[in-house]
Amino acid sequence: MRSVQDQLAAVLAAVGPVAPLDVVLSDAAGCILAEDVMAPADVPPLPVAARDGYAVATADLRGQGPGAAVVLPVAHDVLAGDPAALRLAPGQAVRIASGGPVPAGADAVVAAEDTDRGAVRVTLHRTPVPGENVRPAGADTERGSVVLAAGTRLAARQLAVAAATGRGRLRVHPAPRVVLVSIGSELAEPGTPRRDGSVYESAGHALEAAVRDTGATPVRVGVVTDDRAVLSEALEDQLVRADVVVTTGGLSESQHDTLSDVLAPLGTVRFDQVAMAPGFRHGFGTVGDSAVGGGGVPLFALPGHPVAAQVAFEVFVRPALRAMAGHTDLFRPSVAARADVGWPSTAGVREFVPAAVVGSPSEGYRVTPVGDPAGWSITALAHANALAVVGEQDAAVVAGQVVHCLVLEG
């Protein structure tokens, strides 16, 4: 039997970032930057007004008392985007809009609310200091500086910086495309009539949302029967657009579950009993050629039970998808919490128990299982905010014991 740690190490050793692509800014949101972004010029390229007001030369105002009013003729109006050819004549002011280029010879901008807002002559109600309300050239960033480093996740703030430097495209690690295949002749799609003996397929719908939550792009194929020819054709058809394939179900060793037989000629998927609960049997390896850059497509064969599938996703698939997207923070946050109650466990396997964690860093955290810890109820998982991770050495959890918990939501 393979340990959880060995299985995870094998997964992470086999995956790497998806090959970088040049994309337009709107498509880069949420992606990880694959190169440094450098400023080709100063931003702003020249001194600009930080406020609507009047550009002045403070040297012209020397000798005025702190409360004295100063009256200056208004020689010109400057708007944002105007060329920077204007020069301020001594003893004059220039009315200027926020973002407008400060005229040569001016070294301060008096805010409009500190004046009488005159159009021909302006009365200044206060004397500015040099540099007041002026953003110097390069205030945001200087030419040649790295404004965004490779490995940065691109959100609104980062895209604004890239746009300000004039970049219309960025080189990023794109979100992996994850094909989801639910295997089982007994499965019925929700919203359709359920025949005798069938169950509604829920694992694939859960994983579709979970994949999207990582920032990857899910492609849910839906239900595929256990028929060897049908399953083989479905998987081969999906490889052309997949960076990752995730299957659920088809893992039992009965003659009706055919996944291992179908995958054997397609690649190098290894099936193991993994020492974890829920879900013991797992498959991982590569099949076909990657949709980007050749090489095998990673394939995860997860249990069909919806709770086991979601736990396996959190433990193995989610870290792999984040690594493929270029992230360095691969894992969910975890906290150490004291058990409010005790519950039985199975020695020799690592158990992931749906649980409710409450508390704070200052007060400490407490954890209680949701539902029957050994029941692996999909309803219990829906009401949990964490997975309590019980180590292989524990045959039970006792009240007051510290348990490490994988936090599923804030």
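A residue counts as buried when its relative accessible area is under 20%. Keep that cut-off in mind for the first stop. Note too that this is a predicted model.

**Stop 1: Asn 133.** Select Asn 133, in the loop between strand E9 (121-124) and strand E10 (134-135). Its relative accessible area is 18%, so Asn 133 is buried. Now show its side chain. A polar atom there lies 2.9 Å from the backbone oxygen of Val 109. Which residues is Asn 133 in contact with, leaving aside neighbours within four places in sequence? They are Val 48, Ala 49, Ala 50, Arg 51, Val 109 and Ala 111.

**Stop 2: helix H3.** Select residues 156-164, helix H3. Color Gln 158, Leu 159 and Ala 162, which are buried. These residues cover an arc of only 100 degrees around the axis, which puts them on the same side of H3. An α-helix has 3.6 residues a turn, so residues three or four places apart point the same way. Turn to the face away from the buried side: Ala 156 and Arg 157 are exposed there. Finish at Gly 166, which follows H3 and has a positive phi, near 95 degrees.

**Stop 3: the largest cavity.** How much space lies in the largest cavity? About 40 Å³. Select its lining: Gln 7, Val 11, His 282, Gly 283, Phe 284, Phe 300, Ala 301, Leu 302 and Phe 316. Helix H1 (4-14), strand E20 (281-287) and strand E21 (297-302) each supply at least two of the lining residues. By class, the lining has 6 nonpolar, 3 polar and no charged residues.

**Stop 4: the largest pocket.** This one has a volume of about 380 Å³. It is lined by 18 residues; select those closest to its centre, Gln 310, Glu 314, Leu 381, Ala 382 and Leu 408. Helix H7 (306-324) is among the elements supplying at least two residues, and H7 gives the largest share, 5 residues. The lining divides into 11 nonpolar, 2 polar and 5 charged residues.

**Stop 5: the second largest pocket.** About 330 Å³ of space lies here. Of its 17 lining residues, select Phe 331, Arg 350, Phe 352, Val 389 and Leu 406, which lie nearest the centre. Which element gives the most to this lining? H7, with 4 residues. The classes are 10 nonpolar, 3 polar and 4 charged.

How values were computed. Residues numbered from 1 in each chain as written. Predicted model: local features only at pLDDT ≥ 70, side-chain atom pairs only at ≥ 80, totals over all residues. Heavy atoms only, no water. Buried < 20%, exposed > 50% of the residue type's maximum accessible area, 1.4 Å probe, protein only. Arc of directions from axis to C-beta. Polar contact = N/O pair within 3.5 Å; in protein donor to acceptor, adjacent residues only side chain to side chain. Contact = heavy atoms within 4.5 Å. 1 Å grid on protein atoms, 1.4 Å probe; cavity = no way out; pocket = protein on both sides within 12 Å on 5 of 7 lines; lining within 4 Å. Points joined across faces, edges and corners; volume = space filled by probe spheres on them. Nonpolar A, V, L, I, M, F, W, Y, C, P; charged D, E, K, R; others polar.
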